[in-house]
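Welcome! Take a moment to look over the structure below, and then we will walk through its chains and the places where they touch.

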Amino acid sequence: MKISALEKRWLQEALAALIPARRSARFPLGALDTGALRLSEEMLDKSPLLAAIGVRAAIWVAYLFPLVVLGKPRTLAGLSEEEKEVYLNRLYDHPIYLIRQTLLLLKSVACLSYLADDRVREALGLMRPRNLPIGPALREFEEGEP
Amino acid sequence: MILDGTRATRDLRDEADFVVIGSGAAGATAAKVLAEAKQEVIILEEGKYYRRKDFSELVFPTMTNLFRDMGATAAMGKVVIPIIQGCCVGGSTTINGAIIWRLHDDIYDLWSEKFGIGETVNKQEVERCFDQIERDLNVHPPLPEVRGENNSLAAQGCEKLGYSYRYIPRNEKDCRGSGRCLVGCPNRAKLSMELSYIPDALRAGAKLYTSARASRIEIKQGRGEGVHAVLRDHQTGQGKYRLFVRAGKGVIVAASAVQTPNLLRQSGIGIASGHLGEHFQAHPGTGIGALFDHEVRLWEGATQGWDSAHFRQSDRIKFEALGLQPELAAVRVPGVGQKFLQFLADYERLAIVAVALWSEAEGRVRPRGRSASVSFSLHPHDLVHLRRGIQILAEIMVAAGAKAIYPSVWGLPSQISKDQLRLLDQLPLDPRAYGSLVMTHMFGTARMSPDPRRGVVGLDFQCHDAKGVYVVDSSVFPTNLGTNPQHAIMAVAMLAARRLVNMGPGPKC
């Protein structure tokens, strides 16, 4: 499923707010810096129709619901950084199941990109040498076909 | 011989004694047994054959390549529950935690007394199959050096509370504790089907068509004559060419409890029983995070090296460690925005453990286009058990030293301290509160019964209304198990295939 140029801008806003850049000393990157927009589009393109509809609905909810959640007649783009933080966390904990699930879906998409980035993994400590000792009995593995 | 369906340049025809549909736990096992008994075997697998070099440590490419529908198939009911299935050579064994459980005595008894299939699934014979599989697949608990902290902490918690547990016997050889079972083992250590029984079957002469989606079983005069398949182009997902494989002795259906009933339905088989696609059962579950003062490093060690069935009978729950990939584990980290990043800073100190329900619910599977529609809602008792499971898991992790728990349940704080466990008494009995439910292990949609009015498949694994069509996957299980089913699926498929070889299903047509 392809999204329109307008929806793509909404998605970009949502991803930028879900995992924002330069808000944490340890994690200066945001979701958009890790290719989350491209991944989201690829996912929309490849996933089954119902899932794609779910992601699309999530984009609409995330972008258009400040009026419902904050009572402010604005879109996500019209909110300050602090308001975005409050707004998205309220959506994430919203009493209506489908609304909070849409945010969970968008967060999942953002995490697929963010936590796959080597720079983020480095910041998390994933790239450090392993603590786990490898027993001497473990042999080297063969390459190639089974 | 492996034939890649995406490389076909025309429609194809082939023939064998047996056509096996599916290359997962059931299909691979049946194919191996039949091929090694000198039967001509052709295996049809919808997905591709991925080698070690094709596996990615990242989740998104894995979802795209190895998961059915990118992991986006879902059971729809009061809540939406994703269903995780593999769609590749090896099926779900390629992307599971390699957890091995034999059938429990209460299952043998239940299946015998309530469903009348004890004659087929008799303990003595099934246990011999278990023995064989455990030898073949080097089943053993993880060595201490690859257990990893996530598994060890859960074990410590159980020790302190006096709960029984296991370092899980798994089908692996030389595991390096890479924590990547769920995205395909990068070290070829997990002896999933594409690295064990499928190569065995191929060595014994079987032929494997990949990217070949079985679309219909050809029935003539009440007998399965062969299988029509669509050779998929993975770029477009569309069928490009057709394949028909004539089955001289039988069609073996092992496509999983979601796909098998739909294939039978599209072939006009089993519908009259009224049970096809009904009685869908599963083990839904969810995970909790536990925060420690020291590093856990979830990404190191056996992905799933600890489990506990201590409360299986009393509360219909089972626990297991869950060394999720970072992209999936991070979804369990509370909040979004800056709040998420603050919690993420503790990631290396995070453990994740899961509760799986021996659910009392039954759902339904129907075809929907090329995919499946699964209807399923948790039983009210399941919710009581889920609450109990999360409470006990939290107690286990606190006993192991956790200072906080991330329950991932709506209505509760994102994080509760070890002194606030009483808050878990208020866990809602509403499935909508549990946003991270996942469904694995499916059963029952073409269940076995000696009575054609009560089941789809007879005691000889043959469909009551289609001679020569045998179902050997967990669709035939009349109930779920309460523990991980891979081993039981393989053992029952082995039993079925051995019987086919011994019984001789009749002369070639």
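This is a predicted model: local features need pLDDT of at least 70, side-chain atom pairs count only at pLDDT 80 or more; totals for chains, interfaces and linings use all residues.

## Contacts within chain A

Residues 24 or more positions apart account for 59% of them.

What is chain A built from? It has seven helices and zero strands, and reading from the N terminus gives the order α-α-α-α-α-α-α. Chain A has 146 residues, and 39% of them are buried.

## Where chain B meets chain A

Let us turn to the contact between the two chains. Chain B brings 45 residues to it, and chain A brings 45 residues as well. On the side of chain B, the elements that give two or more residues are helix 2 (59-66), helix 9 (326-329) and helix 10 (337-344). Helix 10 of chain B has the largest share, with six residues.

What kinds of residues make up this side of chain B? There are 22 nonpolar, ten polar and 13 charged residues.

## The two domains of chain B

Chain B is divided into domain 1 (2-49 + 88-137 + 191-279 + 444-503) and domain 2 (144-179 + 282-439). Taken over C-alpha atoms, the centres of these domains of chain B are 31 Å apart.

The domains also touch: 20 residues of domain 1 of chain B and 26 residues of domain 2 of chain B take part in the contact. On the domain 1 side, helix 7 (residues 259-266) of chain B gives the largest share, five residues. That side of domain 1 has seven nonpolar, ten polar and three charged residues.

Terms used. Residues are numbered from 1 along each chain as its sequence is written. Chains are lettered from A and ligands numbered from 1 in the order in which they are written. Two residues are in contact if their C-beta atoms, placed from the backbone, lie within 7 Å. Helices (H or I, at least four residues) and strands (E, at least two) are DSSP runs, numbered from the N terminus. Ala, Val, Leu, Ile, Met, Phe, Trp, Tyr, Cys and Pro count as nonpolar, Asp, Glu, Lys and Arg as charged, and the others, Gly among them, as polar. A residue is buried if 20 or more other C-beta atoms lie within 10 Å of its own, exposed if 12 or fewer, and partly exposed in between; C-beta atoms are placed from the backbone. Domain bounds come from an automatic or database domain assignment.
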